[in-house]
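Here is a short tour of how the side chains pack in this model. Have the viewer open and follow along.

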Amino acid sequence: MGNTYISALIDGLKSKIEVLEQIHQKDEEQFELTKVTPFPYDDFDRNVEEKSVLIYKLNKLDQGFELIYNNVKEELSSNKELYKEEIKTMQNLITRATDLSVQIQAEESRNKAAMESAFKDEKSRLKSNRSGVKAVRSYTQTMRAGTAYSGLWDEKK
């Protein structure tokens, strides 16, 4: 019984690492999107959706790990020598998962700052475009009003 559960724990940890690596990849893609002008809202939304699915999977893996671990923790504690290799493997996998989690947290902070900067730049760009549109609209209205500046025309001819 114990070996099956322990194998499931190890497989769950490996799956968790795979999902964390995919989240890391999505974070890198997200960071690259912040450098694109004009800001690619659709691509960014797609990235966030894909990352949300991965986070959901990660939470489910964590829940499954906890359920299985609760079934075997007694066995692992009482027979440490018997499961020495499996325990060592799980410790290495947990260390790897923890390292990835810390890395992802740092990437999330970096991405947040990059997103704030990208949105600020995008807001400035849109404001500039609006100013240009206002100038064109004003010019058009002035020109429609007739001879806007009669001083521009040489009336002596």
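A charge sits over a ring if NZ of Lys or CZ of Arg is within 6 Å of the ring centre and within 35 degrees of the ring normal. In this predicted model, the charged end of Arg110 sits over the ring of Phe31, 4.1 Å from its centre.

Thr34 belongs to the loop between α1 and α2. Beyond its neighbours within four places in sequence, Thr34 is in contact with Phe39, Ala114, Met115 and Ala118.

Now for the aromatic rings. The whole structure holds five aromatic pairs. One of them joins Phe39 and Tyr41 edge-to-face, with 4.9 Å centre to centre and 70° between the planes.

| Residue | Relative accessibility | Class |
|---|---|---|
| Thr34 | 12% | buried |
| Phe39 | 6% | buried |
| Tyr41 | 39% | partly exposed |

Next, the nonpolar cores. The largest has 19 residues, and Ile6, Leu20, Ile23, Leu76 and Met90 have the most contacts inside it. At least two residues come from each of α1 (2–33), α2 (41–78) and α3 (84–144), with α1 giving the most, eight residues. Ile6 touches Leu76, Tyr83, Glu86 and Met90, leaving out residues up to four places away in sequence. Apart from this core lies another, of five residues, including Leu33, Phe39, Phe44 and Ala118.

Conventions:
Residues numbered from 1 in each chain as written. Predicted model: local features only at pLDDT ≥ 70, side-chain atom pairs only at ≥ 80, totals over all residues. Heavy atoms only, no water. Core = buried A, V, L, I, M, F, W, Y, C linked by side-chain atoms within 4.5 Å. Buried < 20%, exposed > 50% of the residue type's maximum accessible area, 1.4 Å probe, protein only. Helix = DSSP H or I, 4+ residues; strand = E, 2+ residues; numbered from the N terminus. Contact = heavy atoms within 4.5 Å. Phe/Tyr/Trp six-rings, centres within 6.5 Å; stacked < 30°, edge-to-face > 60°.
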